[in-house]
Amino acid sequence: MADRIKPADPNHNAPKGVWRQGIEVFAENRLALLGVAVFVFLAVFSFLGPVFYHSDQVHTDLSLASLAPSPQHPLGTDGVGYDQLGRLMLGGQTSITVGLLAGIFATFLGTLWGAIAGFAGGWIDALMMRMVDAIMSIPSLFLFMLMATIITPTVPLLIVIIGAFAWLGPARLVRGETLSLRSREYIMAMRGMGGSPTRAVRTHIVRNVIGTVVVNATFQVADAILYVAYLSFLGLGVPPPAANWGGMLSTGLTDTYSGNWWLIFPPGIAIILIVLAFNFIGDGLRDAFEVRLRKR
């Protein structure tokens, strides 16, 4: 009987790694996977689509203005002769680029600000967060419109303008997480051994709030895309011949009264899909980083 007893498998019933658990939880969320698929599709459509579908998005041609959808122009043309399908691709490049970079910039700035304020505490925390509260008391859309009217909007400037005001939410979120982390035993021990505050923020605080930061970043990207659409809808987006989905939607609503209904649905649907995609991804990441789900 003894020779039939097999040695215990050291990996049997071993706890799964944190990242593996997170990936499994994320993969179980069908809406999150749908969000990833939608984002990948829109990104490929916007950035690789022009390689296969060529259209002139620089020069206007009034002889082609306001054409209905046809084999030559699958989504028709707008009021100045731009091919709508090609313009949808070009607009997607601007909307996705500004949304991603502005969201990442806002998340980085807010994380750094909130971590420093929460860890420092005292009058430094009070001063830094009163600045956040003061800026948050002003409607963000009003600030965006003010900046856009002062400065001629370009893609880099839109990224800076949106990111410079969208960091307030992440700052308050990370600051709250930091207040609960700074009294933990391992941080107190590190400081007792002479560790610097900079090392504590960089090595321990930021690492422990990374889950919250990543989840919030997806929502920041979705908000940034909406802000671009808002500004462009009000005529404060990037000037022609550049395009974005918000500007196309504004043009489509104007031309709808002439019966050109096909100009409004493609950019409107694209905005809805990209925002929903990032919200679904954010929900999936939140579940993946949730400790209780990883310990199921």
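Is Arg130 buried, exposed or partly exposed, and what is its relative accessibility? At 49% relative accessibility, Arg130 counts as partly exposed, where buried means under 20% relative accessible area, exposed over 50% and partly exposed in between (1.4 Å probe, protein chains only).

The structure is a predicted model, in which local features need pLDDT of at least 70 and side-chain atom pairs count only at pLDDT 80 or more, while totals for chains, interfaces and linings use all residues. Residues are numbered from 1 along each chain as its sequence is written, and side-chain values use heavy atoms, with hydrogens and water left out.

The protein chain has an average pLDDT (the predictor's confidence in each residue, from 0 to 100) of 80, and 81% of the residues score at least 70. Among helices and strands, taken as DSSP runs (H or I, at least four residues; E, at least two) numbered from the N terminus, confidence is highest in helix H2 (residues 30–47), at a mean of 94, and lowest in helix H14 (residues 291–294), at 46. Over residues 1–15 the pLDDT is below 50, and beyond near neighbours in sequence this stretch has 0 contacts in the model, a contact being heavy atoms within 4.5 Å. Where pLDDT is low, the predicted coordinates should not be read in detail.

By the rule applied here, a side-chain nitrogen of Lys or Arg within 4 Å of a carboxyl oxygen of Asp or Glu, the count comes to 4 salt bridges. One of them joins Asp283 to Arg286, with the closest N and O atoms 3.0 Å apart; both residues lie in helix H13 (residues 265–289), 3 residues apart, about one turn of the helix. Asp283 is partly exposed at 26% relative accessibility, as is Arg286 at 44%. Salt bridges that share partners also join Arg130, Asp133 and Arg172 into one network. Within it, Asp133 pairs with Arg130 at 2.8 Å between the closest N and O atoms, both residues being placed in helix H5 (residues 122–136). Asp133 also meets Arg172 in a salt bridge (4.0 Å, N to O); Arg172 lies in helix H8 (residues 168–181) and Asp133 in helix H5, so the pair ties together parts that are 39 residues apart in sequence.

On the surface, Val36, Val40, Val44, Phe47, Leu48, Val51 and Phe52 form a nonpolar patch with about 640 Å² of accessible area together. H2 gives the most to this patch, with 4 residues. Phe52, in helix H3, is exposed, with a relative accessible area of 70%.

Definitions and conventions. Patches are made of residues with over 30% relative accessible area and no salt bridge: like charges are joined within 9 Å, nonpolar side chains (Val, Leu, Ile, Met, Phe, Trp, Tyr) within 5 Å. Accessible areas come from the Shrake-Rupley method with a 1.4 Å probe; for residues, only the protein chains shown count as cover.
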